[in-house]
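Here is a friendly briefing to read alongside the sequence and the structure. Have both at hand and follow the topics one by one.

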Amino acid sequence: MKAFLTEKGIDEIAGCLQLAMLLEVSAYPKPGNVHRAADFEETRYEHFLASAIGVGPDFREAVGRGLLLGSERIQRNQVGIGALIRDAVVDVAKWQHGGNTSLGSIVLLMPIAVAAGSVSRKGMFTIDDLRTSIKTVTDNTASEDTLALYESIEIAKPGGLGDAPLFDVNKPETKDIITSQNVTILDVFKVASTYDSVASEWVNNYHITFDVGYPYFNEQMGRFKDINVATVHTFLKILSEVPDTLIARKVGEEKAKEVSLQANRVLRNGGLVNTEGKKMLGEFDSSLRTPNHKFNPGTTADLVTAVLAVALLMGMRP
């Protein structure tokens, strides 16, 4: 557990979330993704670093909203999580020219920021307190939040959405339906959860983050005392158990499952802690690096960022 004291803790909580983004992109060799030793042609390591800096004020604002929520100065549906996400995407775009670096991470981290602010008002809090508060945030949105989320998607222009009908942000009638029927973000994500793990986290109270990634990350940190090893292994662990939905949308579920099987083999053979595992990891990384990035496990990277954020909020330091 970790103590954050009222307003004074806002910068510390926001810093935890920014550091999570920095640690995730810095972990190497993270197969198929940008990291400190590998770039994509159009999106480089420094674009991700700049994104983590750009989103800082938005995380601080979210934590402040959480403090208001925890003290009951605003109602549950008045947090404005959609606008927080949109403003963060706007700020990320101001800080770098590498395209969409962080939309998935922001969608996962913003409820965590609000939740941490809410429970920190009491001082000490447990991981169960944090997770309960996250559910309060994700379960209580309004149509305005959903429209702001759609604006975020329009701004970020993420790849790999495929033919997902609820993400066709160019259809005016979709936005009309959201307004007239008061469609919440959770309503949209309940449908999207079938093809997107970020949406699934909102719907299932961050099951992958808290039940798969976080315990494994802690175990790996305790065992190896090396945050890079723990982060890369957690990436492989999540990828091995949860086929990456970005890959699935680009090349199909069967190919995504094949990638998960490869991740499992690398992990079973030692990952970063022995010669054979390192060799397999390097080969795995190379096999995923195609010019069109169709095998980029980008959603897994977002999930690892959420795991790191929780670990940092609970007191872990590199």
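**Backbone and burial**

E72 counts as exposed because its relative accessibility is 68%, where exposed means over 50% relative accessible area, buried under 20% and partly exposed in between, using a 1.4 Å probe and protein chains only. The model is predicted, so local features need pLDDT of at least 70 and side-chain atom pairs count only at pLDDT 80 or more, while totals for chains, interfaces and linings use all residues. Residues are numbered from 1 along each chain as its sequence is written, and side-chain values use heavy atoms, with hydrogens and water left out.

**Backbone angles to look at**

- E72 sits in the loop between α3 and α4; helices here are DSSP runs of H or I with at least four residues, strands are runs of E with at least two, and both are numbered from the N terminus.
- The phi of E72 is near 60 degrees, a positive value in a residue other than glycine.
- N182, which is not a glycine either, has a positive phi of about 50 degrees.
- N182 is placed in the loop between α8 (172-180) and α9 (185-192), and with a relative accessible area of 43% it is partly exposed.
- Between Y28 and P29 the peptide bond is cis, with omega near -10 degrees.
- P29 belongs to the loop between α1 and α2 (45-54).
- As background, most residues other than glycine have a negative phi, and most peptide bonds are trans.

**Buried residues and their contacts**

- G80 lies in the loop between α3 (56-70) and α4 (81-95), and it counts as buried because its relative accessibility is 18%.
- Not counting residues up to four places away in sequence, G80 touches R65 and D145, where contact means heavy atoms within 4.5 Å.
- From G80 to A115 there are 35 residues in sequence and 13 Å in space, C-alpha to C-alpha.
- H293 is in the loop between α15 (275-288) and α16 (298-313), and at 15% relative accessibility it is buried.
- Leaving aside neighbours within four places in sequence, H293 is in contact with F40, E42 and K250.
- L23 is part of helix α1 (residues 10-26) and is buried, with a relative accessible area of 16%.
- The contacts of L23, not counting residues up to four places away in sequence, are I227, T231, L308 and L312.
- L23 and R36 are 13 residues apart along the chain, and their C-alpha atoms are separated by 9.9 Å.

**Helix α5**

- Of the 18 residues of α5, 18 are buried, so this helix is largely enclosed by the rest of the structure.
- Helix α5 (residues 103-120) should span 26 Å at 1.5 Å a residue, and its end C-alpha atoms are 26 Å apart, which agrees; the expected span is 1.5 Å times one less than the number of residues.
- At L109, α5 bends by about 25 degrees, and a proline, P111, follows within four residues; the bend is the angle between axes fitted to the seven residues ending there and the seven starting there.

**Where α11 meets α12**

- Residues on the α11 side of the contact include I208, Y216 and F224, and those on the α12 side include I227, T231 and E241.
- By class, this contact of α11 with α12 has 10 nonpolar, 5 polar and 2 charged residues; Ala, Val, Leu, Ile, Met, Phe, Trp, Tyr, Cys and Pro count as nonpolar, Asp, Glu, Lys and Arg as charged, and the others, Gly among them, as polar.
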